[in-house]
Amino acid sequence: MNAPSTSHLLPTYARVELAFERGEGVWLTATNGDRYLDFTSGVAVNALGHGHPQLVAAISEQAQKLIHVSNLYRIPEAERLAARLCEASFADLVFFCNSGAEAMECAIKTARKCHAANGQPERFRIITFEGAFHGRTLATLAAGGQKKYLDGFGPVVDGFDQMPFGDLEATKRAIGPASAAILIEPIMGEGGVRVVPHEFLRALRSLCDERGLLLIFDEVQTGVGRTGELFAYQRTGVVPDIMALAKALGGGFPLGACLATAAAGKGMTAGSHGSTFGGNPLAMAAAHAVLDVVLADGFLDHVRRCGLVLKQKLAEIKDRFPSVIAEVRGEGLLVGLRAVVPNGELVDELRAEKLITVAAGDNVVRLLPPLIVSEAEIAEAVRRLERACTRLSERTTRQRGTAG
Ligand SMILES: *Cc1c(COP(=O)(O)O)cnc(C)c1O
């Protein structure tokens, strides 16, 4: 590896000694020439895999015409993308930004401002759930409420009330005159691919309707086809008032979006929010290309079929290696393996098999292949998993032998 051993990058990541220099479809090539099967997709970002011809062409063509103009002017391709997103969802209004955390910031501000516009500026508090992840800005960290991310960064931004996961009674009790909204990921990604029961989401919707709160879904990880629907909420029968998107939306080009109904977005008038880069022509070209592919006939059927095939094969592996894998969970191609061994060890063994995966909370290993993955590539990934599990189960047997 030619990577320098010291780096001037702020050391905020515990990086693996591995760098990639090119990719094609589901495959990544490392700087030493090794080929890896990518079941991480840049953490649910590269929905079309690497080097997708439509995405590459769209970005190259747009780059030659116009990369950036400011939001002081109309951006026709942003208006068209907003219209496509609204056409495909519950929403009437869209704000574009550059990341998931920014999309969530806009969602939080939109909910607060809605109540202010309705003459109730005292309603600013948002109910969230333990295990959630909403980003790394000061407000989204407060929303996520994870101590390990908040420690050392001064006073926690006020206005978030965190409930135990799935606790409806606590949620009801927490609603007061200052409550503005309930915020939840329909499937907790970073928290360990925990699927929120649809009946719990339905109960939250009813609570919001009864008590005049807005329901916000963080679909930064679940959105744009990952679960086999364009948006995860479409699988639940529950429709939010506000929704945050990012990750896969630009297919790897940084792009976030906050979607809202006309009623929920009513406070966000001229001057109330902004972003220098948000929704610029290059980002819009990337997102249109992503939507062209994901919304094409049969594409989401392909995601659903591959998700089922993957989960079925994983269930077999789980049954064969109970000392390594405890549970398979998730929807579509957002799949989690709850490990028996430390999840980091499983990720390392899979990487030794040249299969790239990513850890999550609750001792889970996430499998997030590009949505263009083929059934043959899924079979190949499962063979690699099988070899890694064989080694790990032999190791645990040996360790038990030594201990006994
Ligand atoms: C990744 C993620 C975020 C944060 O996105 P960034 O682009 O890293 O700011 C927020 N919410 C969820 C659910 C995520 O998965």
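**Exercises on salt bridges**

Asp151 is partly exposed, with a relative accessible area of 47% (buried is under 20%, exposed over 50%, partly exposed in between, with a 1.4 Å probe and protein chains only). This is a predicted model, in which local features need pLDDT of at least 70 and side-chain atom pairs count only at pLDDT 80 or more, while totals for chains, interfaces and linings use all residues. Residues are numbered from 1 along each chain as its sequence is written, and side-chain values use heavy atoms, without hydrogens and water.

**Exercise 1.** Find which residue's side chain meets that of Asp151 in a salt bridge (a side-chain nitrogen of Lys or Arg within 4 Å of a carboxyl oxygen of Asp or Glu).

*Solution.* Starting from Asp151, we reach the side chain of Lys147, with 2.9 Å from N to O.

**Exercise 2.** Describe how Arg304 and Asp301 are placed in their helix (a DSSP run of H or I with at least four residues, numbered from the N terminus).

*Solution.* First, the closest N and O atoms of the salt bridge between Arg304 and Asp301 are 2.5 Å apart. Second, Arg304 and Asp301 stand 3 residues apart in helix H11 (residues 299–320), which means a separation of about one helical turn. Third, Arg304 is partly exposed at 30%, and Asp301 is partly exposed at 39%.

**Exercise 3.** State how many salt bridges a search of the whole structure finds, and name a network of them.

*Solution.* The search finds 29 salt bridges. One network links Glu345, Glu349, Glu353, Arg387, Arg391 and Arg395.

Note on methods: Helices (H or I, at least four residues) and strands (E, at least two) are DSSP runs, numbered from the N terminus.
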